[in-house]
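Please look through the sequence and the structure below before reading on.

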Amino acid sequence: VTKPTDCCRTDDLSALQQAVERWRRAGETVGLVPTMGALHSGHTSLIEQLKASTDRVVVSIFVNPKQFGEAKDLAGYPSSPTEDVERATQAGADQVWLAKAEQVYPADFNCSVQAGGPAVGFEGDGRPGHFDGVATVLMRLFGLVRPDAAAFGAKDYQQLLLAQCLVRDFALPIRIVGCAVVRDRNGLALSSRNARLDADQRRSALAVPQALQRCCAAFATGERNVERLNAIGHEHLTGAGHRVSYFSLIDRASARPLSGVLSASGEGPRLITAADVHGVRLLDTCDLDDPPCPA
Ligand code: PAF
């Protein structure tokens, strides 16, 4: 019996490439949503948004060992391929590619990308080598699938900027589509890592979006001093008992930290934070004039 999703999933790279080739010959455009699986509504919103501007959408599922520093983080990464295929196809994916490690990184794979620019600092400091691994796998996935466009969530803000930087630096004909953070009804940014938190821990994790809200509220009432704005978020998180990796206002295009007094000109700054919440690293971000709201 052929299940409705069987036609849309493959672990065979050449079958995927043939499907992409067929679409291209028919004049259709192709989008790629790179994922590591454990799909949630954040991922499905990427698929839906990309589907709005490309004819076909491929979702890749590959837990990329090169972007994990700690073996236990990699080993503990959640895996739910059957549910993933179901969710992706319901959201409009035309093909879900369950990539095999030996096809992404064959035995004679020798090169790696050294990620600079927006990958420097913050997540780059907290997870050495992480962005080199992300950049390397993205170059490989882009080369294998050859999409016209690829979608990334803004929750991993530096990663989104890195994807834009890669296509610019390597002159790749790929349009990067950045998609807004998706939150649960309490305001917590969706992440595959949230599954590691129990109900009480999830409640205490709400301190993360609240820290962003407090900082935005101070800005809305006139605070323009960057150090004081950063301290507001930092203090809220430490007050809730969470270890803060960073809570920082950054330039939204370069991800460089801001300092001094905010100027009125230019595009508004971005806030990014990462905190250790009961042993789980949670990231969140927003524009300073657009605080996170519960869904
Ligand atoms: O955000 C992720 O899930 C991963 O970093 C990505 C972009 C799929 C690369 O492995």
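1. A residue is near a molecule if one of its heavy atoms lies within 4 Å of it. In this predicted model, the residues around the ligand are Pro34, Thr35, Met36, Asn64, Gln67, Val137 and Gln159. The protein buries 88% of the 290 Å² that the ligand exposes when taken alone (Shrake-Rupley areas, 1.4 Å probe).

2. Residues are numbered from 1 along each chain as its sequence is written, and side-chain values use heavy atoms, with hydrogens and water left out. As the model is predicted, local features need pLDDT of at least 70 and side-chain atom pairs count only at pLDDT 80 or more, while totals for chains, interfaces and linings use all residues.

3. A polar side-chain atom of Gln67 lies 2.6 Å from an oxygen atom of the ligand. For Gln159, an N or O atom in the side chain is 2.7 Å from an oxygen atom of the ligand. A polar contact is a pair of N or O atoms within 3.5 Å.

4. Which rings pair? Rings of Phe, Tyr and Trp (its six-membered ring) pair if their centres lie within 6.5 Å; planes under 30 degrees apart are stacked, over 60 edge-to-face, the rest tilted. The count is 4 aromatic pairs. Phe68 and Tyr77 form an edge-to-face pair, 5.7 Å centre to centre with 75 degrees between the planes.

5. Ring pairs also link Phe62, Tyr105 and Phe109 into a cluster. The charged end of Lys66 sits over the ring of Tyr105, 4.5 Å from its centre (NZ of Lys or CZ of Arg within 6 Å of the ring centre and within 35 degrees of the ring normal).

Notes
A polar contact is a pair of N or O atoms within 3.5 Å; within protein, one must be able to donate a hydrogen and the other to accept it, and residues adjacent in sequence count only if both atoms are side-chain atoms.
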